[in-house]
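Please look over the sequence and the model shown here before reading the briefing that follows.

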Amino acid sequence: MVKGLTSQRLVALFGCGWVLLNFPLLGLWDVDTTVLGVPLLPAALMVLWALLIAAVAWLMERQHAADGDD
C-alpha cells in the first residue's frame, strides 16, 4: 500500500514539475529584472528545479524510512 501511495505522489510531482516548467507559467518569470545579478528567468528555473529535486528526495527518504520501521 505504501509503494502505491509513493508512486502516486511521484506521478503528482512529475505533473507539478511539468506544469511549473512549461510555457504559460514560465512566461510569468520573463521580465527585465535581476536577482543578485542573474536574470529572473534562469534564477526562477534553477530554484523551481531545485525545489522539485528536494521534494523527490524528501519523498523517497520518507518512503525509505517507512520501509525500515517495519
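Which element gives the most to the nonpolar patch? H1 does, with four residues. The model is a predicted one, in which local features need a pLDDT of at least 70 and side-chain atom pairs count only at pLDDT 80 or more, while totals for chains, interfaces and linings use all residues. Residues are numbered from 1 along each chain as its sequence is written, and side-chain values use heavy atoms, with hydrogens and water left out.

**Overall architecture and confidence**

- The protein has three helices and two strands, where helices (H or I, at least four residues) and strands (E, at least two) are DSSP runs numbered from the N terminus, and along the sequence these elements follow the pattern α-α-β-β-α.
- The average pLDDT, which is the predictor's confidence in each residue on a scale from 0 to 100, is 87 for the protein, and 86% of the residues score at least 70.
- Where pLDDT is low, the predicted coordinates should not be read in detail.

**Surface, burial and contacts**

- Of the 70 residues in the protein, 14% are buried, a class that means under 20% relative accessible area, with exposed meaning over 50% and partly exposed in between (1.4 Å probe, protein chains only).
- The protein has an accessible surface of about 5,500 Å², and carbon and sulfur atoms account for 72% of that surface; accessible areas come from the Shrake-Rupley method with a 1.4 Å probe, and for residues only the protein chains shown count as cover.
- Of the contacts (heavy atoms within 4.5 Å) with a separation of 6 or more, 61% are between residues 24 or more positions apart.

**The nonpolar patch and the aromatic pair**

- The nonpolar patch on the surface is formed by Phe14, Trp18, Val19, Leu20, Leu25, Leu28 and Trp29, which together have about 710 Å² of accessible area.
- Patches are made of residues with over 30% relative accessible area and no salt bridge, with like charges joined within 9 Å and nonpolar side chains (Val, Leu, Ile, Met, Phe, Trp, Tyr) within 5 Å; a salt bridge is a side-chain nitrogen of Lys or Arg within 4 Å of a carboxyl oxygen of Asp or Glu.
- The structure holds one aromatic pair, and the rings of Phe14 and Trp18 have their centres 5.7 Å apart with their planes at 55°, so the pair is tilted.
- Rings of Phe, Tyr and Trp (its six-membered ring) pair if their centres lie within 6.5 Å, and planes under 30 degrees apart count as stacked, over 60 as edge-to-face and the rest as tilted.
- Phe14 and Trp18 both lie in helix H1 (residues 2–20), four residues apart, or about one turn of the helix, and both are exposed, Phe14 with a relative accessible area of 54%.

**Individual residues**

- Thr6, in helix H1, counts as buried at 9% relative accessibility, and, leaving aside neighbours within four places in sequence, Thr6 is in contact with Leu59, Met60 and Gln63.
- Gly27 lies in the loop between helix H2 (23–26) and strand E1 (34–35) and is partly exposed, with a relative accessible area of 37%.
- The C-alpha atom of Gly27 is separated by 8.6 Å from that of Leu41, 14 residues apart along the chain.
- Leu36, in the loop between E1 and E2, is exposed with a relative accessible area of 86%, and the phi of Leu36 is near 55°, a positive value in a residue other than glycine.
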